[in-house]
Amino acid sequence: MPSRSKTASAARRSLPRPPSLWQTIGPSFVLLGLALGSGELILWPFLAAQYGLGLLWGGLLGITFQFILNTETMRYSLAWGESVFVGFRKLARWIPLWFVISTFIPWSLPGFSSATAQILVSFFPFLNETMVAIGLLIFVGLILSMGKTLYKTVEQVQRTIIFISLPLIGLLTLMFAGASEWQEVGRGLLGFGDGWRWLPEGISLAAFLGAFAYSGGGGNLNLAQSYYIKEKGFGMGKYAARIKSLFARGAKEISLTGQRFVDSAANRQLWSKWWRLVNLEHWLVFWLLGFLTIVVLSVLAKALVFGTDVSEGLSFLYAETEVITESSGAFLGSAFLLVAALMLFSTHLGILESSSRIISENLFLFFSKRKKANLSLAFYLALWLQIGLGIVIYLVGWQEPRFLLTLSAVLNAAAMMVAFPLVYWLNKKHLPKHYQPHLLRKLLMLTAFLFFVILVGVTFTSN
């Protein structure tokens, strides 16, 4: 009779059976929540208010590129039951250090809490904006510190805010947008603007690159989808340990490494089912809902404030609120602005959770050779260090939200440029041929990489 340890080891080498689609839905809500308060709410609507809807091709292309990157990230974690960052460490020792730097710098810029604070102060003018922003940073830290497990806490918050915000935004768009805006959407998806093609004259390339990079999660946060696949127990992630909250009971030290399943006929069939399932879930939640949100918020901005002077900060958001209030009453105007604040807050919550995961794990991978780590402690150190840096940035006077968001987005575009070839290299080297991406996906990843190289290069050389 085989020993218990050998039986457990053998069980871990078989793919579990996939659940239903309904049971699968969840991980993509976290990544969608990261996108709502950046590209979807701020950057694409700002461009629509300035230039119309002829730039929507960029939103479509940007979120499609991110869909490919995210699902290729999931491919590795489905097969191995470990994060892609553990896989990257197998490729080269220096790679974890790159992810620490390229995550900590852009995501520590507190543009989201700054924007949320600015909106809240518009409701309560007696409040001090800097103190509100700092308070929001601390509040996010407390939420992430108190839940039992990180993934469940973040998924519940993101799902709730998405279900509150999107119906209201859809209703307002139906109320204010006319046939001309929807016709312009069709032309914009093909790159046709009002008298221009692809890009209007005088557009800030940094603003466009920022919106393009934030057509979804943005930067290294796309790679955090690897964690959510693992934490949800998809594929070989079923056998992986979860990161506990700071005050949760029990051992905090967990194994970072997973193992691949046996390449058998039965496992190949299960793999095909898993692959179709996670792609469908991600397409429905991340790609479809995300792209519809980009379109709907851009159409709303175009219908409400196109042609007015909304070039400063979040002025276009306040201008939209004024038009809604004048046309439909103070309740709808206030509800729109409060929903915007909720979206920004949920985005910052998700960003600090994801970026702290990435930073803490990669620091451990770079400095330690051990296979087990107390990631709970490392996570909270990374979290509160980012919060501390955000507070310092406020206190030295960097408080303009759209500037901080655009700067962060440009830096994250450069990070994504690097992520595409790294993910391809990882799957090519550490997955059997049958489980590697097909030719079309390889071409799409190459196209995305080249597009980011050109766009990032042109942006940095022209500014």
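Trainee: Is K90 buried, partly exposed or exposed?
Mentor: The relative accessible area of K90 is 35%. In this predicted model, local features need pLDDT of at least 70 and side-chain atom pairs pLDDT 80 or more, while totals for chains, interfaces and linings use all residues. Residues are numbered from 1 along each chain as its sequence is written, and side-chain values use heavy atoms, without hydrogens and water. Because buried means under 20% relative accessible area, exposed over 50% and partly exposed in between (1.4 Å probe, protein chains only), K90 is partly exposed.

Trainee: With which residue does K90 form a salt bridge?
Mentor: A salt bridge is a side-chain nitrogen of Lys or Arg within 4 Å of a carboxyl oxygen of Asp or Glu. The closest N and O atoms of the pair are 2.7 Å apart.

Trainee: How many residues apart are K302 and E184?
Mentor: K302 forms a salt bridge with E184, with the closest N and O atoms 3.2 Å apart. This pair links distant parts of the chain, from helix α13 to helix α10; helices are DSSP runs (H or I, at least four residues) numbered from the N terminus. The separation is 118 residues.

Terms used
Helix = DSSP H or I, 4+ residues; strand = E, 2+ residues; numbered from the N terminus.
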